[in-house]
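Please consult the sequence and the structure shown below while reading.

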Amino acid sequence: MALRHAVLTVLLDEELSGYQLAKAFDMSVANFWHALPQQLYGELAKLEADGLVSGREVVQESRPNKRLFTVTEAGLAELERFAVASAKPSFIRDDLLVKVQASDRIGTEDVIAQLTERAVFAGAKVELFSGLLSKLRGERSEEDFLRHGERVGPYLTCLRGLAFEQGNRDWCERSAAILRERQQAHARR
């Protein structure tokens, strides 16, 4: 997947400025596709040059003018081409996993600290995703929303983000506890 498809997906629901796109990206697509704001601005310019989004200038009195972007018919066609292409399997590439893999041969104090830090970060993301899911479904039950909601795609990707972060948090907490126990048992010998 290219960043362009992620940006087009965020722009499907509404016309957004670059700043608004960065905010919306952080609250949706960022749980499975990371990009810095500078990358998003650059991608918007490319998408506009390729005719996949159109931009319009909005004059503001007390602020600098801004550009709002929306997906064009060509952009929708590009998303349709992307949707029918085979998806590549995902894989994990994580420095912390390399450190844990080596933990039997190196000092584990720093690894335990990093696992604990990652667990806290993942816990915060769990809270964020839980709040987003609640906001997306409103007063509806999850089952009702998934059957009858207008757009379930963002909800389903948020569910995946939630499951990922829950698994990440749980694994980090368990791994830190195991390494801590082993460290204490070794110190008692």
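The following paragraphs describe a predicted model.

**Helix H3 and its surroundings**

Helix H3 spans residues 37-49 and contains 13 residues. From its first C-alpha to its last it reaches 19 Å, close to the 18 Å expected at 1.5 Å a residue. Leu-40, Glu-43, Leu-44 and Leu-47 are the buried residues of interest in H3. These residues lie on the same side of H3, because they cover an arc of only 110° around the axis. Gln-38, Lys-46 and Ala-49 are exposed, and they sit on the face of H3 turned away from its buried side.

**Salt bridges**

The structure holds 12 salt bridges. Three of them are listed here, with the distance between nitrogen and oxygen.

| Salt bridge | N to O distance |
|---|---|
| Asp-50 with Arg-4 | 2.6 Å |
| Arg-67 with Glu-48 | 2.3 Å |
| Asp-144 with Arg-140 | 3.1 Å |

The salt bridge between Asp-50 and Arg-4 links distant parts of the chain: Asp-50 belongs to the loop between H3 and E2, whereas Arg-4 belongs to helix H1, 46 residues apart. Asp-50 is partly exposed, its relative accessible area being 47%. Arg-4, by contrast, is buried, at 19%, which falls under the 20% cut-off for that class.

Arg-67 and Glu-48 meet through their side chains in a salt bridge. This pair also links distant parts of the chain, with Arg-67 in strand E3 and Glu-48 in helix H3, 19 residues apart. Arg-67 is partly exposed, with a relative accessible area of 31%, and Glu-48 is partly exposed at 29% relative accessibility.

In the salt bridge of Asp-144 with Arg-140, Asp-144 counts as partly exposed at 29% relative accessibility, and Arg-140 is partly exposed with a relative accessible area of 33%. Elsewhere, salt bridges that share partners connect Arg-4, Glu-43 and Asp-50 in one network. Glu-43 is also one of the buried residues of H3.

**The sheet**

An open sheet is formed by 3 strands in the order E1-E3-E2, with antiparallel pairing. Strand E1 (16-17) and E2 stand at the edges, and each has a single partner strand, so one side of each is left without a neighbour in the sheet. E2 and E3 run antiparallel and are joined by 6 bridges. Val-58 has Lys-66, in E3, as its bridge partner.

**Cysteines**

How many disulfides does the structure hold? The number is 0. Cys-158 takes part in no disulfide, and the nearest cysteine sulfur to it, that of Cys-172, is 20 Å away. Cys-158 is buried, with a relative accessible area of 4%, and Cys-172 is buried with a relative accessible area of 0%.

Terms used: Residues numbered from 1 in each chain as written. Predicted model: local features only at pLDDT ≥ 70, side-chain atom pairs only at ≥ 80, totals over all residues. Heavy atoms only, no water. Helix = DSSP H or I, 4+ residues; strand = E, 2+ residues; numbered from the N terminus. Expected span 1.5 Å × (residues − 1). Buried < 20%, exposed > 50% of the residue type's maximum accessible area, 1.4 Å probe, protein only. Arc of directions from axis to C-beta. Salt bridge = Lys/Arg side-chain N within 4 Å of Asp/Glu carboxyl O. Pairing = 2+ DSSP bridges. Disulfide = S-S within 2.5 Å.
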